[in-house]
Amino acid sequence: MCNPIVRYSKLYLLLAGAYVRSRLQYRLSFGFMCAAVIAGEACLIGLLGVLFTKFRTVNGWTLPDIMFLYSLGSLAFALMKIVGNQLDDFDRYVVRGDLDAVLIKPVPPLFYVLASRVELHHASRMLTSIVIFCAAFYMARIRLTIGRGLFTIITVVSGSLIMFAFMLLSATVALLTGKSGKITDILITASKEAAAFPISIYPLAVRLLLTFILPVAFVTYYPAMHLLGKDQFLGMPAYFQFGAPVAAVALLLCCYALWRIGMRHYYSTGS
Amino acid sequence: MSIIKVEHLCKQFKVRERPAGFWRGLGGLFSRTHHIIQAVDDVNFTLQRGDMVGYIGANGAGKSTTIKMLTGILVPTSGKIDVMGLTPYQHRRQYTRRIGVVFGQRTQLWWDLPVMDSFELLKHIYEIPERTYKQNLAFFSELLQLDCLTSMPVRTLSLGERMRCDLTAALLHNPEILYLDEPTIGLDVVAKEQVRQFLQRVNAERQVTVILTTHDLNDVEKICQRLLIIDTGRIIYDGGIDALKQRYGRTRMLIVDLARAYSKIQIENVDVIRREGNRIWLAFDRDTISASEVITRVTAHYEIQDLTISEPEIEEIVRKIYQSGMTD
């Protein structure tokens, strides 16, 4: 009827708003979730700090460098969590038959699923990530220019798209098998951890895996080369520092194609 | 004019044998050990606009699978579904605008929000014009007495109240077909009756084609003109309810309370199908022997206290069909 972009933006806000309002019915639980997320982040940072009072540098990476890397990954992760968290326990949608209720609505199923459970407490994760990122940005003595600002935003968005593609992949596994918990853990948690450290600490095979198969290196490492002014491409071409958007789009297209196939094979729960 | 046309519809499920444990489970993803379940097997039927059809079958007979294919949730293994010129799973987005679906066991309302919020959201999801929305809301509010419910969170509603709201939610966008999967499950007698009357009115006044699955044969008997019975994936009966009674309901039942206990009861052309203390259930074929004849014979040999003749219950008939399969 009206412009699809207008329609879907409006619908997204309405559906997300409905979920947030539902969650706010249980204010205490919402508050606890926020607190838990912030506490979790704080612990990780503390741990990182303790580690670096012992080990001054890792392969020439200083504490501010690592913090910068970590917070870049954590920003991408937070952004992905706000937009794509619904896919985290997608196997439940499949097993409990909630997907049936989605499929009878005249909207694309993926859109509906994404819009209908936007967890606002992940915004608190975003907040802590921004604070840490700004601190790291300052401590690593990166001069802020418009170009670098834009580059950072594009990097974060690309990184969250890469992580989102992993989510989509695990949701596709859920569609096909009704189970996805462990695969989600492996893909998401492992990629988040992997993104937090320079890949130069890994052996070649892992580096190749993190570059070409699960392109986690494009979430933090290669873009950080550009921002930190480093030159440790480890045999990869230097233009990989700008490769994040390309990797993100390519991966997302692959995973979306698999999702479409998964949708077709969706067998539902029977009765 | 036919509105739903189903031809040679089949649905197979591959059931993987998945071993327990993570690593073996992961291996199971790639293993080829599975068996095939034929959930729906060569189903054919045609519905006319304005029909009100009951679709019944035992658990696992293939009812829900058929409904899921009709609503576009599942893709058939083979066969054709043509609804209003559309193929449900292919034209899903276009198609779902024109149908309403109610799952009795699951609400499609937003659990923690007031009922009205759900209606508003559906208005946007289905892009219902404001005028239509207002008119429909007024119509259903009156018919289902929703006025005092709409401001309450869905989770606080009783099952019956929730079903009334779910029915409204499924009909707000003026669907031409309404699919109901077990709409009366778990409801009390009054609520069931309310749902039935409502469906009848919607069918009569709005020409909505209704197809419902149910376990409660009273639903079917009271509101459906036509009955489809499915068993192990196949349609074993398709026709009117009266015709079904005519054909399979020749058996009458005489329930007799005997004055005292008899060790053995034997009457020609009559089967004793159940005994409970001094009460016996006698079944007879009304074409072979008349009811008065049976009573005469019983009273001639036994001392009785009370008796009742029962009409064939559709439930009884269906049970027999399930047990024996179709004889012809």
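Predicted model: local features only at pLDDT ≥ 70, side-chain atom pairs only at ≥ 80, totals over all residues.
**Notes on the chain B sheet and its helices**

1. Stepping back to the whole sheet, chain B has an open sheet of 6 strands in the order β5-β6-β7-β3-β8-β9, and the pairing is mixed. The edges are taken by β5 (99-103) and β9 (234-240) of chain B; each has a single partner strand, so one side of each lacks a neighbour in the sheet. On average, neighbouring strands here are turned by 15° against each other, direction ignored.

2. Now for the helices on the sheet. Helix α6 (residues 159-171) of chain B lies across β5 and β6 of chain B, at about 160° to β5(B). Helix α2 (residues 63-70) of chain B lies across β3 (52-56), β6, β7 (209-214) and β8 (226-231) of chain B, and runs at about 150° to β7(B).

3. Do have a look at helix α4 (residues 115-125) of chain B. Of its 11 residues, 8 are buried, so this helix is largely enclosed by the rest of the structure. Among the buried ones are Val115(B), Phe119(B), Leu121(B), Leu122(B) and Ile125(B), and also Asp117(B) and Lys123(B).

4. What do the buried residues of α4(B) pack against? Their partners are α1 (4-24) and α6 (109-116) of chain A, together with α5 (130-144) and α6 of chain B. Just after α4(B), Glu127(B) adopts a positive phi of about 50°.

Key. Residues numbered from 1 in each chain as written. Chains lettered and ligands numbered in written order. Heavy atoms only, no water. Pairing = 2+ DSSP bridges. Helix = DSSP H or I, 4+ residues; strand = E, 2+ residues; numbered from the N terminus. Axes fitted to C-alpha atoms, helices over the stretch in contact; angles between N-to-C directions. Contact = heavy atoms within 4.5 Å. Buried < 20%, exposed > 50% of the residue type's maximum accessible area, 1.4 Å probe, protein only.
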